[in-house]
Amino acid sequence: MSVKTLPLVHIETFGCQMNESDSELVRAMLKQEGFVFTDDRERADVVLVNTCAIRENAHKKIYLHLSELKTVKKQRPLVVGVLGCMAQNLKSELAHKEPLIDVLAGPDSYRQLPSLLTTALDAQEQGLARKGFALDLSEYETYEGILPDRNDGVNAWITVMRGCDNFCSFCVVPYTRGRERSRDPESILLEARDAATRGFKQITLLGQNVNSYRHEEWDFAKLISAVADQPGIERVRFTSPHPKDFPPALIEAIATHPRICKHIHLPLQAGSDRILELMGRTYTGAEYLALVERIRMTIPCIVLTTDIICGFCSESDEDFQATVHLVEQAQLDSAYIFKYSERKNTIAARKYADDVPDQLKGQRVAKLVEIQRAITAERNRRYIGKTVEVLVEGDATRSSTQGMGKTDGNITVVWDKHTGHSEPGTLMTKHIFDASAATLYGA
Ligand code: SAH
Ligand code: SF4
Ligand code: F3S
């Protein structure tokens, strides 16, 4: 290859777990070609920013970050690469508008990064300004055969499928990540075994639509059970599933396999059937509730979390009330609640008016957050007096005299270390004596 000295690369990741996982793939591919990574941006010859496009505030955050990089680039030579969903979504528009950007690569084009960066570094050395773009989406790319260069910790992400064919009307993901495709189960299992050998205790299977995984006769229930059977793995999680793909076999697998975590993130999006229909979610509020019921019947200890959007196109007070009502009925363990943010080119942007005033969207979010917060606090209080098993993750964010870990249901537990503490990756039992909407307190 034509890189002379070893270029130092710094990568920054925004967005969802899929981006975290992609950054690990990018690191692996670049390291293979002689690039060296640094945590210190000041020393880097190349800064890569792996971006998200899901809501406007994700864009804003990244623009802010890019303007910071502009200042750095004025002071010294620097190659800047923008990766991920925003790169794919804004394409050359972003590159032409931003003189800062040397390389732009979408989620299916990372195999081209070594050569794009080498070219950009060479051009920079010769004082030339040359931009490199790789923005083709693929029906096949799964990054098969590349073992990710994983971040340390207890959890290993494994992307099992990429893309999304659902085209929910509000969502940009089908445009930034392309068509749905699933990986070969054998290579997934190989990766799981490799992660176990390297000491990872938890595996999280990732996909934009993870439970629609399909490869020949393998479906998601079969895949997750096989992953959980790999020796050395204590816990297996998955995110994000779609409510439309919950056959009895999957619920049964989660119920019966001791190492599959009893947590399901089940995005609801809205409670009004009219809005659900406009969103293209393919279920009604009643069907969602029936699924929640079915899951709870089979797995009584299940922790259910969700995503909800407030202020989608034409959402009336009555529609919003339907969401409130559904949230009260479902009594889910927690929820991420978002203001609707129109994304260019999506079905909603083309067909419906973004007509709920921003302030009203904000009021609806605040109201729903308050309602859910009370439900979450109440549900968390049920753990008081009980003993839970936690997987230790390390120090609590607020104090190094406290330890932190997660329950099987993915609820955060904090404890004073003097009551008993252990290495990250260890399973411990903790007695819960207090609970808030965010945390269980144990000893
Ligand atoms: N694949 C996942 C969702 C990925 S995006 C799934 O189907 O559940 C994560 C969440 O962001 C979504 O569940 C949705 O609640 C929210 N979201 C997506 N697009 C949005 C938009 N345009 N405005 C506001 N929230 C959005
Ligand atoms: Fe977006 Fe819907 Fe696909 Fe989730 S299922 S990624 S919300 S289009
Ligand atoms: Fe964002 Fe792309 Fe993930 S838009 S949420 S980084 S799939």
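Me: Which residues lie around ligand 2?
Reply: This is a predicted model. A residue belongs here if one of its heavy atoms lies within 4 Å of the ligand. The residues around ligand 2 are C164, N166, F167, C168, F170, C171, V173, P174, Q208, N209, H242 and R281.

Me: How many charged residues does the shell around ligand 2 have, by class?
Reply: Seven residues of this shell are nonpolar. Four are polar. For the charged class, the count is one.

Me: Which residues are closest to ligand 1?
Reply: Ligand 1 is surrounded by 15 residues. By class, they are six nonpolar, four polar and five charged. The closest are Q208, P267, Q269, D307 and S341.

Me: How far is the backbone N or O atom of Q208 from a nitrogen atom of ligand 1?
Reply: A polar contact needs a pair of N or O atoms within 3.5 Å. R55 brings a polar side-chain atom to 2.9 Å from an oxygen atom of ligand 1. S341 has a backbone N or O atom 2.8 Å from a nitrogen atom of the ligand. For the backbone atom of Q208, the distance to a ligand nitrogen is 2.6 Å.

Me: What share of the accessible area of ligand 1 does the protein cover?
Reply: On its own, ligand 1 has 540 Å² of accessible area. The protein covers part of that area, and the share is 89%.

Me: Which elements give two or more residues to the shell around ligand 1?
Reply: One of them spans residues 303-310. Another spans 334-339. Their names are β15 and β16.

Me: Where is S334, and which residue is 4.8 Å from it, C-alpha to C-alpha?
Reply: S334 sits in strand β16. Its relative accessible area is 27%, so S334 is partly exposed. The residue in question is 29 residues away in sequence. It is T305.

Me: What distance does helix α11 reach from its first C-alpha to its last?
Reply: Helix α11 covers residues 317-330, which is 14 residues. At 1.5 Å a residue, the expected span is 20 Å. The reach in the model is close to that, at 20 Å.

Me: Why do the buried residues of α11 count as being on the same side?
Reply: The buried residues are D319, F320, T323, V324, L326, V327 and A330. They are on the same side of α11 because they cover an arc of only 165 degrees around the axis.

Me: Which exposed residues does the opposite face of α11 carry?
Reply: Exposed means over 50% relative accessible area. The face turned away from the buried side carries D317 and E318.

Conventions. Residues are numbered from 1 along each chain as its sequence is written. Chains are lettered from A and ligands numbered from 1 in the order in which they are written. This is a predicted model: local features need pLDDT of at least 70, side-chain atom pairs count only at pLDDT 80 or more; totals for chains, interfaces and linings use all residues. Side-chain values use heavy atoms; hydrogens and water are left out. A polar contact is a pair of N or O atoms within 3.5 Å; within protein, one must be able to donate a hydrogen and the other to accept it, and residues adjacent in sequence count only if both atoms are side-chain atoms. Accessible areas come from the Shrake-Rupley method with a 1.4 Å probe; for residues, only the protein chains shown count as cover. Helices (H or I, at least four residues) and strands (E, at least two) are DSSP runs, numbered from the N terminus. Ala, Val, Leu, Ile, Met, Phe, Trp, Tyr, Cys and Pro count as nonpolar, Asp, Glu, Lys and Arg as charged, and the others, Gly among them, as polar. The expected span of a helix is 1.5 Å times one less than its number of residues. Buried means under 20% relative accessible area, exposed over 50%, partly exposed in between (1.4 Å probe, protein chains only). The arc is that of the directions from the helix axis to the C-beta atoms.
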